[in-house]
Amino acid sequence: MERILVIGGARALGAAVARRAAKDGYDVVVGARDLAAADAAARGIGATAVRIDLQDESTIAAAAERLKDGVDHIVTTGSAPHDVPVPELDRDGLLAAFTAKVVGPMLVAKHFAPLLRPTGSMVMFSGVVGWRPGPGSLVKGVTNGAVEYAARHLAAELAPVRVNAVSPGVVDSGAWDRFGDRKAALLRGSAARTFAGRHGETDDVVDAVMWLLGAGFVSGETIHVEGGARHSHA
């Protein structure tokens, strides 16, 4: 049975990946900054939990020690949004955003590379904002874009372990629920800016992640799951 570590697996898209992987017969380890949340998510799918805070390298090293008998796949979905206009940029917010998306996964690679089996893989999460600049999206756009380059360079260094990225568009994964009554209008607006004519669903992204886990001849790539939104001028 292949083992998969899903970092950020206690909520949203990470939890959906963990659930699908468990259903598909993987030995799932849910990693999250909040161990209680990771435990709760893991219990629900017959998985195990480990604490990993992408802002704290010591937790990454401790998790690697705990999983030292080997890992086949790692999926890292962590983020720390800092969606503000340039005049409101905060240094700590910038650093947290880059650490969650780019620096943290690099440190995961550092500590887990010796544990990853040669046929295994690592999947990082980017996002469509990296290819669609707009006001207030500087930090998210640059960090998401950096993930693409990180995946390429890690693929070269960790080979034959495969490293890829998934770049979702606007997906109804629960992240938009905070907008309350405005959510439906926001999703409709996002659908109008895609070639597919709809917003994304959680399964769209999970399907791409699961495909990458088994795509043995794909490495160093970013798979865009956003209905063509990055090409649209709508």
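Q: What makes strand 4 count as mostly covered?
A: Of its 6 residues, 6 are buried. Buried means under 20% relative accessible area, exposed means over 50%, and partly exposed is in between, with a 1.4 Å probe and protein chains only. The strand itself is a DSSP run of E with at least two residues, helices being runs of H or I with at least four, and both are numbered from the N terminus.

Q: What kind of model do these values come from?
A: The model is predicted, and local features need pLDDT of at least 70, side-chain atom pairs count only at pLDDT 80 or more, and totals for chains, interfaces and linings use all residues. Residues are numbered from 1 along each chain as its sequence is written, and side-chain values use heavy atoms, with hydrogens and water left out.

Q: How do you know that strand 4 pairs with strand 1 and with strand 5?
A: Two strands pair if DSSP finds at least two bridges between them. Strand 1 and strand 4 have 4 bridges in the parallel sense, and Val 6 stands opposite Val 75 in strand 4. Strand 4 and strand 5 have 5 bridges and also run parallel, with Val 123 in strand 5 as the bridge partner of Val 75. Both counts meet the cut-off of at least two, so both are pairs.

Q: Why is the crossover from strand 4 to strand 5 called right-handed?
A: The chain passes from strand 4 through helix 4 to strand 5. A crossover has this hand if, with the strands pointing away from the viewer, the path from the first strand over the helix to the second runs clockwise. The β-α-β crossover here is right-handed in that sense.

Q: Where does helix 4 lie, and at what angle to strand 5?
A: Helix 4 (residues 91-112) lies across strand 1 (3-7), strand 4 (71-76) and strand 5 (116-125). It runs at about 170 degrees to strand 5. Axes are lines fitted to C-alpha atoms, for helices over the stretch in contact, and angles run from 0 to 180 degrees between N-to-C directions.

Q: What is the strand order of the open sheet, and which strands are its edges?
A: The 7 strands are in the order 3-2-1-4-5-6-9, with parallel pairing. Strand 3 (48-51) and strand 9 (222-225) are the edge strands, because each pairs on one side only. Neighbouring strands are turned by 20 degrees against each other on average, direction ignored.

Q: Why is strand 2 described as largely enclosed?
A: In strand 2 (residues 27-32), 5 of the 6 residues are buried, so the rest of the structure largely encloses it. Leaving aside neighbours within four places in sequence, Ala 32 is in contact (heavy atoms within 4.5 Å) with Ala 10, Ala 38, Val 50, Arg 51 and Ile 52.

Q: What joins strand 2 to its neighbours in the sheet?
A: Strand 1 and strand 2 run parallel, joined by 5 bridges, and Leu 5 stands opposite Val 29. Strand 2 and strand 3, also parallel, are joined by 4 bridges, with Ala 49 in strand 3 as the bridge partner of Val 30. Helix 1 (residues 12-23) lies between strand 1 and strand 2 in a right-handed β-α-β unit.

Q: What makes Arg 152 count as a charge over the ring of Tyr 149?
A: The rule asks for NZ of Lys or CZ of Arg within 6 Å of the ring centre and within 35 degrees of the ring normal. Arg 152 lies over the face of Tyr 149 at 4.9 Å from the ring centre, so the distance passes.
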